[in-house]
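The following exercises are intended for a reader who meets this structure for the first time. Each task is followed by a solution in steps.

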Amino acid sequence: MNELGGFLRDKRQDEKLPLRSMAEAIGLSFAHLGRIERGESELPPERIGKAAEALHLNGSERKQFFVLAGTSMGATLFEPANLPSEYLDAVAKQISKQANP
């Protein structure tokens, strides 16, 4: 199991969310999600946001999740230096909204 897969499994179980329900929420088959959790497959980049929403991650968990997702793809996809400033500003605003509803 890789770090991302373990993180996904732990958070899904913390939420008491069955594998099939989580898979449906993010648009994957339950078998594919199981392979991701075991580290046998990658989480498709277009499903990362949906997975974070389904797991109800708070700001720090969300940040950790995005870093793990980028690392598991063998990239620094989510490192701030690789993202446009407009995106970083939007993320900062979203985190601020979540922290101060």
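**Exercise 1. Identify the salt-bridge partner of Lys11, and state where the two residues lie.**

Solution. The model examined here is a predicted one.

Step 1. The partner is Glu61: the closest N and O atoms of Lys11 and Glu61 are 2.8 Å apart.

Step 2. Lys11 belongs to helix α1 and Glu61 to helix α5, which spans residues 59–72.

Step 3. As to accessibility, both Lys11 and Glu61 are buried.

**Exercise 2. Describe the overall make-up of the protein: how many helices and strands are there?**

Solution. 

Step 1. The protein contains six helices and zero strands. Along the sequence, the pattern reads α-α-α-α-α-α.

Step 2. The protein has 101 residues, of which 32% count as buried. The exposed surface comes to about 6,200 Å², with carbon and sulfur atoms supplying 52% of it.

Step 3. For contacts between residues at least 6 apart in sequence, 51% join residues that are at least 24 apart.

**Exercise 3. Determine which residues of helix α3 are buried, and name elements that cover them.**

Solution. 

Step 1. Helix α3 covers residues 30–37, and its buried residues are His32, Leu33, Gly34, Ile36 and Glu37.

Step 2. The cover over these buried residues includes helix α1 (3–14) and helix α2 (19–26).

Step 3. Just after α3, the chain reaches Gly39, which has a positive phi of about 80 degrees.

**Exercise 4. Explain what the salt bridge between Arg9 and Glu37 ties together, and classify both residues by accessibility.**

Solution. 

Step 1. The side chains of Arg9 and Glu37 form a salt bridge with an N to O distance of 3.1 Å.

Step 2. Arg9 lies in helix α1 and Glu37 in helix α3, so this pair ties together parts 28 residues apart in sequence.

Step 3. Buried requires a relative accessible area under 20%. Glu37, at 1%, is therefore buried, whereas Arg9, at 21%, counts as partly exposed.

Step 4. The pair also belongs to a network of salt bridges that links Arg9, Arg12 and Glu37. In the whole protein, the count of salt bridges is four.

**Exercise 5. Is Glu3 buried or exposed, and how far apart are the C-alpha atoms of Glu3 and Glu37?**

Solution. 

Step 1. Glu3 is located in helix α1.

Step 2. The relative accessible area of Glu3 is 64%; exposed means over 50%, so Glu3 is exposed.

Step 3. Glu3 and Glu37 are 34 residues apart along the chain, and their C-alpha atoms are separated by 9.0 Å.

Technical notes: Residues numbered from 1 in each chain as written. Predicted model: local features only at pLDDT ≥ 70, side-chain atom pairs only at ≥ 80, totals over all residues. Heavy atoms only, no water. Buried < 20%, exposed > 50% of the residue type's maximum accessible area, 1.4 Å probe, protein only. Helix = DSSP H or I, 4+ residues; strand = E, 2+ residues; numbered from the N terminus. Contact = heavy atoms within 4.5 Å. Areas by Shrake-Rupley, 256 points an atom, 1.4 Å probe, with all protein chains shown as cover.
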